[in-house]
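Here is a short note for someone opening this entry for the first time. Please read it beside the model.

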Amino acid sequence: MVCSSLAATAGAFNVPLKCTPEETKHFVEPAMKEAEGFNFTGALEVVNDGLNAHPASEGLLFLRSYFCYKIADSISSELSTLPQPIQPLGEGVLMVDGAMTNQMLGRFQEIVKVLGDAEEAINEILQVNPHNNEVTAFRAYIDSKLQKLGQESENMRVTFTNTPNIAGGFCVGCRKNISFDTQTVVFRKTPSTQLEVWHLPCFKQLGNKN
Ligand SMILES: [Zn+2]
């Protein structure tokens, strides 16, 4: 039974929700109300309660995947407003804010986890109803998001973990130890050395002397 459609809130995904009038009244409608106020975590809680009572509800499963996706999407747009933790400064210089990189990698993990939950819910629907084109299209969309994010966070992680191994653990300026996890550092490639690493303040002092 098709009792409502996601078109009103989703825009892009016009998926008919299959659920009973009781599911609609107690879970779908209250969840949509939360979603209208952009409280996707609240909406997901309502849907999860519904799934505890009606584990096979296709409509609720789809809403679960949709709200997981919306949560991932809002973390992702929040991240895009932050300054980039790894920034090329030109002339072979790369600035890395360790604390922020760590924080961002943690947020990436959260996104990947909720997108994984979204995919799991979709797979449950497709087991029951394998030829649902809208749901299949939504899964393809989530898949592409997951791949893109996976690549992005992998690139960041590799830069973050490999560069210190190459550059060593001591600042060229003050000769003191560097805490890559918490400090902001600058990597510089010079013709005479392999790769130098500086504390950001030490690197700035160098600029002032020249
Ligand atoms: Zn230093």
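**Notes on the fold**

1. A compact globule of 210 residues would have a radius of gyration near 17 Å, but this protein has 23 Å. That radius is taken over C-alpha atoms, and the globule rule is 2.2 Å times the number of residues to the power 0.38. The C-alpha atoms fill a box of roughly 75 × 30 × 25 Å along the principal axes.

2. The model is predicted: local features need pLDDT of at least 70, side-chain atom pairs count only at pLDDT 80 or more, and totals for chains, interfaces and linings use all residues. Residues are numbered from 1 along each chain as its sequence is written.

3. There are 7 helices and 6 strands. Their order along the sequence is β-α-β-α-α-α-β-β-α-α-β-β-α. Helices (H or I, at least four residues) and strands (E, at least two) are DSSP runs, numbered from the N terminus.

4. Buried residues make up 28% of the 210 residues. Buried means 20 or more other C-beta atoms within 10 Å of the residue's own, exposed means 12 or fewer, and partly exposed lies in between, with C-beta atoms placed from the backbone.

5. The largest nonpolar core has 33 residues. Such a core is a set of buried Ala, Val, Leu, Ile, Met, Phe, Trp, Tyr and Cys residues joined through C-beta atoms within 7 Å. Two or more residues each come from α2 (21–36), α3 (40–53), α4 (58–80), α5 (98–128) and α6 (133–167). The largest share, 10 residues, belongs to α4. Another core, of 11 residues, lies apart from it and includes V96, A167, V186 and W198.

6. V47 is among the residues with the most contacts inside the largest core, with L63, F67 and C68. Beyond its neighbours within four places in sequence, V47 is in contact (C-beta atoms, placed from the backbone, within 7 Å) with F27, A31, L60, L63, R64 and F67.

7. How do α2 and α3 pack? Their axes come within 7 Å and cross at roughly 170°. The two helices are therefore roughly antiparallel, a term for angles over 145 degrees. Among the residues making the contact are F27 and A31 of α2 and V46 and V47 of α3.

8. S74 sits in helix α4. It counts as partly exposed because it has 14 C-beta neighbours inside 10 Å. F38 is 36 residues from S74 along the chain, and their C-alpha atoms are separated by 9.4 Å.

Technical notes:
Contact = placed C-beta atoms within 7 Å. Axes fitted to C-alpha atoms, helices over the stretch in contact; angles between N-to-C directions. Parallel < 35°, antiparallel > 145°, perpendicular 65-115°, else oblique.
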